[in-house]
Amino acid sequence: MKLLSPIFCAVLLLVGGLTITPSLAAAQGATTAAEEALIGPIDIPGDSLDSMLALLERWTGKSLLRPQNLPALTLSLRIKAKVTRSEAVQALESLLNLNGIAVTPLGDRFLKITPLSAAKSEAPELIEGSTLTLPPSGRVASKLFQLRFLRVGEFMPQITGLLNPAAGSPPLVFDKANAALITDAVSNLQRIETLLLQLDQPSLAGLEPKFYTLQSAKASEVVTKMRNMLSGPLQVQLGTATTYHADDRTNQIVLIADSRQYPFFDELIARLDVRADPNTRNEVIYLKHAAAKEVATILTDLVQGQTNAARNSGQSGVRAVVAATPANAAGNAPATPPTIPTAAQLGLETSSNQFSNVLTVLPEERSNAIVVSGTVDDLRLIRDLVDKLDVLLAQVRIEVVIAEVTLGDNASSGIGALGLQIDGDKLVGFSGSGPGFTVSNAVLTRPAGGGIDLAAEIALGTTPRKSNANFLSVPNVVTTHNKEAEVFVGENRPVISSYLNDAVTGGTVGTGYRSTVGQQKIGIRLKVKPLIGVDGSVQMEVYQEVSDVLGEVTIDGNSQPRVGERTMESFVSARSGDIIVLGGLQSNSQTRNTNRLGPIPIIGDLLGSRTRESKRTDLVFFLRPTVLTNTAADNAPALGQVEEFPEPQRTKVKRVLQEAAADTAHAPGS
């Protein structure tokens, strides 16, 4: 007699309403007609896969088709309450799915049992309708999901983690049809279908347009400020679906957003749409010391340099684009209220150290002023810069003595011939001798008040050798820091610069020519450009030029001078009051003397002698810079010289100086 299987015995007992553990053989029992549609309670603590499949075959009434290589599993199934047969089948199919066994329907009478990884290739059931009407279970099935608004290529990678990894290959994606075929448990297919019902919606779902007509502000300017304020984290909170644009034709702002965001934009736009003073202002800044054209050029170069630097570093005011997170992709209202914008973000009442793009600086030379047009910050920055540029530059008085020194046979330079002692171009003393006395290593010392002018001081210092020196010029010049001063001693000599042949008559050269005559300066030129330090030091760039007539030459019948030039450039440093000595511009001249009958031999010698003389001279320049203090003390040396004038010249000069001082005191702005 063939024994009944343990599973069959357990079924008989369960149908009869009895629970016997742990043996399924003891689970046999009779069932009543009232309990025929219900099964349970079920308590199978552990049994083989074959026994569980036999139980599934009995409950479903279908034949099972299975391969021989199914894994050996021990499964447990416990259901405490009575359930219907379909519910029991649902629980058993889910248990098999959890353990890697797939149950695939094959028609109305068969079930295929395969490993879960091979279920996709075994033609699982294709669900055409909604999976939400089916009871959730672990039964493997396939469903084609057709997306309407989402892109399948973007959506499928995001739900890969929701699928059963034991199901084998990933979903089959059809890009052109925007669809995907997914094989998985019915419960997982239901989750995916529920998710698509929520996400596969139009991107404008819940968005409504709203129009704001502005009364005072310009629509494009308000939109620009809003974009600056709402960039970064605020834009992420609002969502990428929220947009706002300006329509300057109607001066409106068009907002497309969720209606729950309307109160936020209502208040923001109302605050920005107010009447305000013009953003730009004009101002005229009068200068006292500097030149308007030079200051305007400096300011313009500074503004352009700052603008170019900001452009190269990317600070051109372009709003950064921030990607929104998926949580805000649907355009929902932000979870937290937006951050209140600062005054700097609004562009209102804020101080900046950068120039705006509307700044303009122009010079007005007639009144020595600059005209500035720009924002309030622009005007403030320009005023600060002008205050630092429009200052009275330091001034220096340069006393110059130009001496021509005749050199003897033993003298190599005029400085040596005068017996001057030089230390780094500075005059520190002198030596010399004369009839009955000798001076050696004498030191020059200025009085405490500095009352001796340079010419007198040089005359005293060179007294022992005064006979070989001739003062050609003793000018004084006053100039400011980094401004060139020039001294010229000489003459303007007419020189023919061009000829025009009107006609030639009689074949005589030069006849019929019309000449253009220019002027050529011949003499001594001295240019000094000082740089005055804050400690009273003076650096001087000195240019010396000496030109003289060496003879004449005839060009096209016209006598023209032959001009020789000697130039020298120096850069010296000195303290205020030091005497700088520069020499070396030497020249040679030949002189010849005879009596009236000198050219006649013998007779000329009896009536007088003939002489030839070679003469060497050297030009020595003495410069003494004195830094002025812009006080009455600067005038003391000049007033001291006035006191030495004879009467009545002294009284007239003093009266003129007093009248000039009175006029200056009563002048406007003094």
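## Two helices that cross

Axes are lines fitted to C-alpha atoms, for helices over the stretch in contact, and angles between N-to-C directions run from 0 to 180 degrees. The axes of helix α2 (residues 49–60) and helix α3 (residues 85–98) come within 10 Å and cross at roughly 150 degrees. Angles under 35 degrees count as roughly parallel, over 145 as roughly antiparallel, 65 to 115 as roughly perpendicular and the rest as oblique; α2 and α3 are therefore roughly antiparallel to each other. In passing α3, α2 makes a left-handed crossing (the near helix is turned anticlockwise from the far one by less than a right angle; clockwise would be right-handed).

On the α2 side, the contact (heavy atoms within 4.5 Å) is made by Leu49, Met52, Leu53, Leu55, Leu56, Arg58, Trp59 and Thr60. The residues from α3 are Arg85, Ala88, Val89, Leu92, Glu93 and Leu96. By class, the contact of α2 with α3 has ten nonpolar, one polar and three charged residues. Here Ala, Val, Leu, Ile, Met, Phe, Trp, Tyr, Cys and Pro count as nonpolar, Asp, Glu, Lys and Arg as charged, and the others, Gly among them, as polar.

## The model and the chain

This is a predicted model, in which local features need pLDDT of at least 70 and side-chain atom pairs count only at pLDDT 80 or more, while totals for chains, interfaces and linings use all residues. Residues are numbered from 1 along each chain as its sequence is written, and side-chain values use heavy atoms, with hydrogens and water left out.

The protein chain has 16 helices and 29 strands (DSSP runs numbered from the N terminus: H or I of at least four residues for helices, E of at least two for strands). Of its 670 residues, 34% are buried. Buried means under 20% relative accessible area, exposed over 50%, and partly exposed in between, with a 1.4 Å probe and protein chains only. Among contacts between residues at least 6 apart in sequence, 66% join residues at least 24 apart.

## A three-stranded sheet

Three strands form an open, antiparallel sheet in the order β12-β14-β13. The edge strands, β12 (207–213) and β13 (243–247), each pair on one side only. The twist averages 20 degrees from one strand to the next. Two strands pair if DSSP finds at least two bridges between them; β12 and β14 have seven, and β13 and β14 (residues 252–258) have five. Lys210 has Leu255 of β14 as its bridge partner, while Thr243 stands opposite Ile256 and Asp247 opposite Gln252.

Helix α6 (residues 219–229) packs on the sheet, touching β13 and β14, and its direction makes about 155 degrees with that of β13. Helix α8 (residues 262–272) also packs on the sheet, touching β12, β13 and β14, at about 15 degrees to the direction of β12. β14 is mostly covered, with five of its seven residues buried. β13 and β14 form a hairpin with four residues between them, and Asn251 in the turn has a positive phi of about 55 degrees.

## Two single residues

Thr114 is found in strand β7 (residues 110–115). Thr114 is buried, with a relative accessible area of 8%. Leaving out residues up to four places away in sequence, Thr114 touches Leu70, Gly100, Ile101, Ala102, Ala119 and Glu122.

Asn630 is found in the loop between β29 (611–627) and α15 (636–643). Asn630 is partly exposed, at 42% relative accessible area. Beyond its neighbours within four places in sequence, Asn630 is in contact with Leu392 and Gln395. Asn630 and Leu392 are 238 residues apart in sequence and 9.4 Å apart in space, C-alpha to C-alpha.
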